[in-house]
Amino acid sequence: MSDILIHTEASVCTVTLARLDKKNSLTSSMYGELAQALRAAQHSADVRVLVLQGSETVFCAGNDIDDFIQNPPDSLEASVFQFLNALLEFPKPLLAGVCGPAVGVGTTMLFHCDLVYAGDNAVFSMPFVNLGICPEAASSLLVPSVMGYQRAAQALLLGEPFMAEAALEVGLVNQILPPTELNAFVQRQAAKLANKPLKSVLETKRLLRGHHLPVLQKRMREEAQLLAHMLKEPAAKEALQAFKEKRKPNFAGL
Ligand code: COA
């Protein structure tokens, strides 16, 4: 069975991350499936809204660390960048339901969503520096623009996690709910949008976001090239190996 479940009903396409034994971390093949699902939903007349969700205990633990070591993304064609581009360019409403940890891309993908709902157990983190790498998904532009510079520096330089309440306060999250109620609530919000006049919804999203697109595409490319390069360097190698060996990384001299 695939680790990505896709279900379309009443014009709402729901994409569920379902690799619970590895905390919904994403491999290159999962990114490929996600990219395909988004592009298919973008072009399908049967889809008016897309929902991204995990389970009640975990949203997404970021990039699969083993896969980062074995299949590091080394060009803009890599499936992770295909997914991020599909997300950035998705013209229909994107909703996310987040419970439990949302690490790395698990958090950065949310900055591309139009509405984000969190369980009260949600924990967001972007520990790129702790992994010897750099931000992705245009998060180096989007995080400060949503959260303000100092809070972005705390999240991106120190890599400090923040909870649902803080995410609500900074404007990353629209509403907090009990985890057991979250996915059903998100479906109700999606259904509301699916029943609104499509052209009004699409044009409003385009007007809200469209003018930022070229700038974000450019930043995403810059970040992707840097990330591909940094993954081959000693700091990232040490951090990724340390995660595998369940120990603290040693960055002395790096
Ligand atoms: N890549 C690969 N495997 C991962 C993973 C990842 N990003 N995140 C979790 N896993 C695996 C663990 O290695 C563990 O596998 P095992 O049972 O074979 O030992 C399993 O998922 C459960 O993870 P565990 O750490 O025991 O769960 P937890 O509830 O204590 O913590 C997280 C959950 C998400 C907070 C923690 O796993 C974590 O920090 N993961 C790494 C996140 C990360 O750095 N991602 C990269 C961002 S770019």
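Here are some friendly questions and answers about helix packing and strand pairing in this predicted model.

Q: Why is α1 called roughly parallel to α3?
A: Helix α1 (residues 28-43) and helix α3 (residues 79-88) pack at an angle of about 30 degrees, with their axes 8 Å apart. Angles under 35 degrees count as roughly parallel, so α1 is roughly parallel to α3. The crossing of the two, α1 and α3, is left-handed.

Q: Which residues in α1 and α3 meet?
A: From α1 come S28, Y31, G32, L34, A35, L38 and R39, and they meet S79, V80, Q82, F83, N85, A86 and L87 of α3. Sorted by kind, the residues of this contact of α1 with α3 are eight nonpolar, five polar and one charged.

Q: What makes β5 and β8 stand at the edges?
A: The open sheet of three strands has the order β5-β7-β8, with mixed pairing. Both β5 (101-103) and β8 (162-163) have a single partner strand, so one side of each is left without a neighbour in the sheet.

Q: How do you know that β5 and β7 pair?
A: Two strands pair if there are at least two bridges between them. Three bridges join β5 to strand β7 (residues 123-125), and these strands run parallel. Within this pairing, V103 stands opposite S125 in β7.

Q: Why is strand β6 described as mostly covered?
A: Buried means under 20% relative accessible area, and four of the five residues of β6 (residues 115-119) are buried.

Q: Which strands run parallel to β6?
A: Strand β4 (residues 94-98) is joined to β6 by four bridges, with A96 partnered by V116. Strand β9 (residues 175-177) pairs with β6 over three bridges, also in the parallel sense, and Y117 has Q175 as its bridge partner.

Definitions and conventions:
Residues are numbered from 1 along each chain as its sequence is written. This is a predicted model: local features need pLDDT of at least 70, side-chain atom pairs count only at pLDDT 80 or more; totals for chains, interfaces and linings use all residues. Side-chain values use heavy atoms; hydrogens and water are left out. Axes are lines fitted to C-alpha atoms, for helices over the stretch in contact, and angles run from 0 to 180 degrees between N-to-C directions. Angles under 35 degrees count as roughly parallel, over 145 as roughly antiparallel, 65 to 115 as roughly perpendicular and the rest as oblique. A crossing is left-handed if the near helix is turned anticlockwise from the far one by less than a right angle, and right-handed if clockwise. Contact means heavy atoms within 4.5 Å. Ala, Val, Leu, Ile, Met, Phe, Trp, Tyr, Cys and Pro count as nonpolar, Asp, Glu, Lys and Arg as charged, and the others, Gly among them, as polar. Buried means under 20% relative accessible area, exposed over 50%, partly exposed in between (1.4 Å probe, protein chains only).
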